[in-house]
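Dear colleague,

I am handing over the structure we spoke about, and you will find it just below. Please look through it before reading the notes, so that you can follow them residue by residue.

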Amino acid sequence: MALPQQCEATFGTADLYGVLGVRRGASPQEIRRGYHRASLRLHPDRVPPEQKEEATRRFQILGKVYAVLSDEKQRAVYDETGMVDEEAEALQDGRDWLEYWQLLFKVTVKDIEDFQKSYKNSAEELADVKAAYMNFKGDMDRIMDSVMCADYTDEPRIREMIEQAIDSGELPSFKAFVRESKKKMMSRRRRAEKEAKEAKKIKDELGLSGENDLQALIKSRSRDREKEMDNLLAQLEAKYGSNAKKGGKKTAAKKRKT
């Protein structure tokens, strides 16, 4: 599936600029900032285990969008044709988008926490809340999932923002919002509380408590991938015997050991 179609299926828009929340004529700095903001919201390390696979897939698509729009030539082609060079090296599936993100922004857990503090109750957050309300026609489940840095404790505050905007005439009154059932609200809260507990448990188990949490986690994943590759090569040699030794797999294994 082409990248714009992946974006349509995942983010509800085939427009690469829309995925990053920037205008079509955005400067390179604005595009980088848009990617930064979206990546903080979608980072796989912010979700519980059962959502990790889907979050990683979304994060990878987001990285590809930025790779296209941050490259002058690829962006020019996309602007002119609406198409993306799917064969470009930066869009190949082998790229480690988490590591790429870490190297690009050098972001630590403290950075994310500082960003959250400055973002909450800001004009930027208010604009994002209003946009989410309009995009999702007042569905608070989707609004809470889409607004950056928001957890269930922020819902009363976010709901008040929306109510004030409705009262002032800035936003329309969607039935999904004004007539949301108490049962749905409580279900969302229970689900969010469960996810928060699971996320904290994972963080405690991994010992992630310092400034270099993300960097340490990325290094750990890199080591795990190397072990998996070594195990795969060993399994191939055991399964195919001399045939594997005659092919390139054995050579690759030797190179990894030297």
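What follows is a description of what was found, beginning with the fold and the confidence and then turning to individual contacts.

Please keep in mind throughout that this is a predicted model. The protein has 15 helices and zero strands, and of its 258 residues 35% count as buried. Among contacts between residues at least 6 apart in sequence, 64% join residues at least 24 apart.

On confidence, the protein averages a pLDDT of 76, and 66% of the residues score at least 70. Among the elements, helix 10 (residues 155-167) has the highest mean pLDDT, at 94, whereas helix 15 (residues 248-257) has the lowest, at 42. Two stretches call for caution. Over residues 208-214 the pLDDT stays under 50, and the model has 18 contacts beyond four places in sequence for that stretch. Over residues 242-258 the pLDDT is likewise below 50, and this stretch has 14 contacts in the model beyond near neighbours in sequence. Where pLDDT is low, the predicted coordinates should not be read in detail.

Helix packing comes next. Two packed helices are described by the angle between their axes and the distance between the axes. Helix 4 (residues 49-69) and helix 5 (residues 72-81) pack at an angle of about 95°, with their axes 6 Å apart; an angle from 65 to 115 degrees counts as roughly perpendicular, and helix 4 and helix 5 are therefore described in that way. The contact is made by Ala-67, Val-68 and Leu-69 on the side of helix 4, which meet Gln-74, Arg-75 and Tyr-78 in helix 5. By type, the residues of this contact divide into four nonpolar, one polar and one charged.

Because its relative accessibility is 0%, Trp-101 counts as buried. Trp-101 and Gly-63 are 38 residues apart in sequence, yet their C-alpha atoms are 7.9 Å apart in space.

The charged pairs take up much of the rest of this message. A search of the whole structure finds 18 salt bridges, and three of them are described here, beginning with the one between Glu-30 and Arg-23, whose closest N and O atoms are 3.0 Å apart. Glu-30 has a relative accessibility of 34% and so counts as partly exposed.

Another salt bridge is formed by Glu-124 with Arg-33, the closest N and O atoms being 3.2 Å apart. This pair links distant parts of the chain, since Glu-124 is in helix 8 (residues 123-135) and Arg-33 in helix 3 (residues 28-42), 91 residues apart. At 25% relative accessibility, Glu-124 also counts as partly exposed.

The remaining pair is Glu-180 and Arg-159, whose side chains meet in a salt bridge with an N to O distance of 2.6 Å. Glu-180 lies in the loop between helix 11 (175-178) and helix 12 (182-206), while Arg-159 is in helix 10, so the pair ties together parts that are 21 residues apart in sequence. Glu-180 and Arg-159 are both buried. Salt bridges that share partners join Asp-141, Glu-155, Arg-159, Glu-180 and Arg-188 into one network.

Glu-155 lies in helix 10 and, because its relative accessibility is 10%, counts as buried. Leaving aside residues up to four places away in sequence, Glu-155 touches Met-140, Met-144, Met-185 and Arg-188.

Finally, there are two points on the backbone. Asn-121 has a phi near 70°, a positive value in a residue other than glycine, and its place is in the loop between helix 7 (109-119) and helix 8. With a relative accessible area of 57%, Asn-121 is exposed. Lys-137 likewise has a positive phi, of about 50°, although it is not a glycine, and Lys-137 is found in the loop between helix 8 and helix 9 (140-146).

With best wishes

Definitions and conventions: Residues are numbered from 1 along each chain as its sequence is written. This is a predicted model: local features need pLDDT of at least 70, side-chain atom pairs count only at pLDDT 80 or more; totals for chains, interfaces and linings use all residues. Side-chain values use heavy atoms; hydrogens and water are left out. Buried means under 20% relative accessible area, exposed over 50%, partly exposed in between (1.4 Å probe, protein chains only). Axes are lines fitted to C-alpha atoms, for helices over the stretch in contact, and angles run from 0 to 180 degrees between N-to-C directions. Helices (H or I, at least four residues) and strands (E, at least two) are DSSP runs, numbered from the N terminus. Angles under 35 degrees count as roughly parallel, over 145 as roughly antiparallel, 65 to 115 as roughly perpendicular and the rest as oblique. Contact means heavy atoms within 4.5 Å. Ala, Val, Leu, Ile, Met, Phe, Trp, Tyr, Cys and Pro count as nonpolar, Asp, Glu, Lys and Arg as charged, and the others, Gly among them, as polar. pLDDT is the predictor's confidence in each residue, from 0 to 100. A salt bridge is a side-chain nitrogen of Lys or Arg within 4 Å of a carboxyl oxygen of Asp or Glu.
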